[in-house]
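Please look at how the chains below touch one another. The size of an interface is often given as the accessible area lost when the parts come together.

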Amino acid sequence: MGLDEYKGDMEMCCRCSACKWVPMQRVSGHRFANVCPSISRYNFHSYSGGGRLNIGAAMLKNGFNYTPRLLDIVYNCQMCGACSVSCNYAMDMQVMEPLYEFRIKCVEDGKTHPALDKVIANLRKHGSMVPAKGKRGDWAAGMNLKDATREKVAVLYYVGSLTSYDRRMQKVAKATAKILQKAGVDFGIAGDAETSSGGRAYQMGYKEDFLNQARKNMALIKQSGAKTIVTASAEAYHAFKVLYDKFNLKGSLKVLHISEYIQQLIKDGKLKPRKKVDLAVTYHDPCHLGRLGEPWIHWQGKKVPGDRFVFDPPKVYRRGTQGVFEPPRDVLKSIPGIKLTEMNRIKEYAWCCGAGGGVSESNPEFAEWTARERIEEAESTGAEALVTACPWCEKTFNAAIEATGSHLKVYDVVELVEKAIE
Amino acid sequence: MALSKEIYSAFEDVVGAEFISDDPVIMPSYHATEFAAIVLPENTAQVQAIIKLCNKHKLPFRPVCTGWTGKFAKGVLYLDLRRMNRIVEINEKNMYAVVEPYVITAQLQAELMKRGLHLNVKGAGSNCSAMLRGHGHLDQTTSGDDRNHLAIEWVTPAGDIVRSGSLGSSDEWFCGDGPGPSLRSILTSAVPPGVTPGVFTKAAMKIYHWPGPTRFPIEGISPNYSLSEIPPNLMARYFSFPSVEKMWQAEIKIGESEIAFELMGFNVAMVAANITTSNEEEEKTFKRLSKEVQGPGFFIILAGNSAADFAYKKRVLHHIVNEAGGKSLASLEDPRTEGILLCQCIRISASIRETFRPGGAFSSIPVMGQRDLTIKWAIGAGKAKEPLIAKGLIVDDGGAAFGWGVEQGHLGKTEIFCKFDPQNPVAKKAVEDWHKEQSARAFKERYFALLQGQNEEIGRGLSNYHRWWNEIQKELDPNRVSPEGGALV
Amino acid sequence: MMEQAALASAVGRERVSLDPAEIDSFSQDISFTNRVRPASLVKPRTAADIQGILKFANATKTALVPVSSGPPHFRGDTVPSVGGAVIVDMSGMKQIMLVDRARRVAMCEPGVTFGELIAAAAREGLRLNMPLLPRASKSVVGSILEREPVVMPKYQWDISDPLACAGIYFGTGDEFRTGQAAGPGTVAEQWAVGGVQKAPYGPGTASWHRLIQGAQGTMGIVTWISMRCEILPSLEQPFFVGSSSLDPLLELSYWLIRLRAVNECFILNNTNLATIFTPTPAADDRKLKSALPAWTLFYTVAGYEYFPEERVDSQIKDITGITQRLGIEAVKAAGGVSANEILKLVQQPCGNPYWKLRPKGACQDIFYLTLREKIEEQIAAVAQLADKAGYAASDVGVYIQPIVQGTSHHCEFNLFYDPTNSSERNRVKELTGSATHSLIAKGAFFSRPYGESARAILNRDAATVAVLNTFKKVFDPNNVMNPGKVCF
């Protein structure tokens, strides 16, 4: 792998600008038609998915010129995948892969962002993508959860750095654990031994660090005996389900997002959300659960010589179609009293919360700008609350709400399920 | 070609540091051209200030909207109009909408459809500017070319703000013509083919009645969008005919009977492209559809204003098609496929899948005008493709051309293209030769003149229009800062 | 005298009129334009004649005033604004060059009248989109070049319609053909391969035909135009709707046009409708006028080749839904007037005497374009000014024509007066001036500026005038073409 593997894809970009917008037939008005936070904020075409590919192709050809502007373009991107979905409605070409590879190359060439270096230094030291205050497993105190490092478990509940360490987000971990307990699932946690999935590190371009984390996690999982890993973190979900598979590390591990699991548990009668939760909500699709949560497709082949950009065997593109969109919605609909109204930009063409790609750390102002856009969209539905299925989304939205003084509440799906099953 | 610090600062003073860049790193994303700088004005006043500076420093500029394709000279100042993206007004009672350059068609269309209205969608796609001059699938009922513009706010190459028609006289957008002779004689286009010098900063566009739903009932996840149901009083079909003559007979009768909402003379290669989600699927589907058609054909959408109106239109359609020996493409009678095309051809206007997805390049000869005449020429151009297809130099699309009626068949558009591998020098030369020969034949045999840049021979053959145009340009653009050439939006 | 001789030698003696009365007849017209006697009158017949005239004019800096229609003239644009002018009277150029049913196009010289062309088109199953009741002597070319409003807004996609292409000799003497007619090849060569002169845009970037329309002969001399035609319906059902107020009629006409449900569609007040149905000046239209509603919307539903009855029935059904919603009723006859009679009238030019002259012998028109929602206020303003000027508001004729598929409205006031009565004449002249100013203030757009108000109109838009002057400089650098008209 490397950027030059995607030379053909980058050259395929015809500059149609589809990558800036939700798919055309989904444009429902003047407002909320943009899908790429980066170009929406920074306006130069270079910040769009297509613009990045144009630059990548040129640099492969003419050499890499790391100006401050280039690095500004590279790092002000949430790697949210929206450009890829919009592009791949019509085009057969890779969009996300060259974007990842460009980042990776920047890191390899030492062209990193200091804020992200700091995050990775912390990762290397503490196995966490957030400041590690206290012990990673402290959130579970008093919950009597199985320690997967000592006992074999059928299901490993992977918590994630943010919900482990961040006091304000620990409620998500607790709610998830309670739900699994209520459903009688045989699960455990790695507690203090848990380490970052590496997903966010990969988005930032630190491929080696990601691979280190991946190997550590797979060793831990193997040791726990778990055949299934469930997580409430969309980032971790993406890491285990997609990235680990991409690098042939996943094996036969079954990866579920908590919303998928809850959906199944409700169907099996093991969870009964009975208590009414009177709330008008709208649902935000996390990028790494939705469009980017689509399973990895292993493909090997060659381009067929000739004018067409076709391959032998035919290349099947990940276009965002198989992401996790319905389970969180089904779960919400099964809670009595919840009234769900969709936003304009949803599912595979959802607007990013702003947190991905290292932007939370490298450019918090841009992350907040992105989140504010989403808050406005959520408010336009008349909902009282914005529900999501990713703690990074929740954290980012809360910060934007505080900044704007909005009355909107933010919940994770598990928080509402927890209310309904008590 | 970098601007001097002093000149750069002058532009920076107008738009702010955040909205100008001459970093070479961004140029590959701007048509791989070394522009003097990219500048993003926010409003008409900034555009005017920029142009005045361009005149002062004799710096050529080009305004661009979404900028799909483009050919520009080095050293030009690129006005990226992305920040000028407001819908200024939608006036239902007087059937026009006023937009800034970077409102894309999809945005305006979505707003209009909520109100039972719509606009012309250019063939370039609804991802392009709503103020584009151009032609598209909906021309049958929504006109085309420069005939959808009403009043225009224009910054001249000299940096004067001119408001055409009623806008200049009474601050209203409804008319772009007068007093006296019309400035729309030269305010024909923000973008090629043919470019009015200066910048269109706002334009009023004609809008039309939309009898369909306020939103299409789309279901599915990209790229597999379909309609959960065909909305009432809408129908899409494809008909093939035993010959071009029969197809034309049906096409013109349909125009005269005013029943079609959209009539698009697709060939099945284009149908296949639009209903499939990958190149491989397209190839398979094209082979299948090719067996189902008897010859050239068209895609048609009927839209009834009422159930009675819809019933009438269907009855007439079937009668006309039968008279011409037409045959319905069974695949399109499947509601799923019908729904895909219905939505695609109204909301998107299909372009990208048809043209760019396979990769490679395509060389096109498009011509607006008298449809039956251009069909006649296109038959010959299509025959001339056959040897290239036989040698494997161009994609086999059956040698077909495509086109459609405009304004219920009063005018029309015909286009024929060759798709080829630009890395194959033999193919590239063959296609270039084909293009040259067919263009020359069109001129020599008096069909039309393909205008590509200033050409003395062609100009002389067309009332020396090029000399008059140059004279006007000299007056309007004394410092020659608004050159020809630009981007398709 | 020397110039007369030079002119005669340029075009041929037989083309030059020496009849003083004939020359004098072009010194003035029915408008209030100042009387200016032309020096000569030429009657060209061929392109060579036109070229000769232009060569002469440029060499001698002589003003040329092109005229297509026969008298009487109304707008002042055929009266010279400067002394020593030559009237170029093309009303004798009467060739109908082409009527093509398949491509729905006709082509003719400037002297062809509506009556002549309608008959030729009808023989091919075609019809013209024509103005309301043009006078018998009105030139089709003249009308279309003036951008006169047409009665079938559905078929007017662009304000330049029905104009397709034009053949013109610019003020420089250079020949130019607009649109598809430009080439390649001559017109005859284009015909030979099956081309007709239909597509209006180009050649190149510009849409040159738009430069010639509305120019009042200030850019050059047009020697022919082509125009798009429509198909003659096989079935027509005319209706009219009367109302004491205008608003429901404007709303109905809006929907009729938006749904493309009707062909002819226009509104007249009772004064005008009565006048149109009053055949002679002597006849008394008061009884008829009092029997008519204040406002009448006229429209026609039509069927063509395929199942015309079904088409007409379904459209009438849809229209009835609208009229019921608006609380108005479409009828076939009322107040002594039938819709069929109106239809018959409006599909032909006006018989003699011209309807606008019937009430009192002269008429001054005030017309402009406007937004639908401003019309009532504008009408009220004119009524008030009329009453104030001692011209009974109830005697003002009003004609409202939606144009360009409903994107704007042509609004016209017809002030009838006795030209032999100087106080009436002065009253109307002053009222015209005051009404024009008042209407401008109320959002009227005088897109076709004629006469004394022209300067005031054009002075409002200096930026446009600057560009128009650019055109003038290029196409008529010696300002020989109708100097003093528009802003030139």
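This briefing covers two interfaces.

This is a predicted model, in which local features need pLDDT of at least 70 and side-chain atom pairs count only at pLDDT 80 or more, while totals for chains, interfaces and linings use all residues. Residues are numbered from 1 along each chain as its sequence is written, chains are lettered from A in the order in which they are written, and side-chain values use heavy atoms, with hydrogens and water left out.

**Chain A and chain B**
- The contact (heavy atoms within 4.5 Å) takes 56 residues from chain A and 63 residues from chain B.
- About 5000 Å² is buried between chain A and chain B (accessible area, 1.4 Å probe, lost on putting two parts together, summed over both).
- Carbon and sulfur atoms hold 56% of that buried area.
- One salt bridge is found across this interface (a side-chain nitrogen of Lys or Arg within 4 Å of a carboxyl oxygen of Asp or Glu).
- E18(B) forms a salt bridge with R41(A), with the closest N and O atoms 3.1 Å apart.

**Chain B and chain C**
- Chain B and chain C each give 94 residues to their contact.
- Between them, chain B and chain C bury about 7800 Å², with 58% of it on carbon and sulfur atoms.
- The rule finds 14 salt bridges across the interface of chain B and chain C.
- D146(B) and R210(C) meet through their side chains in a salt bridge, at 3.2 Å from N to O.
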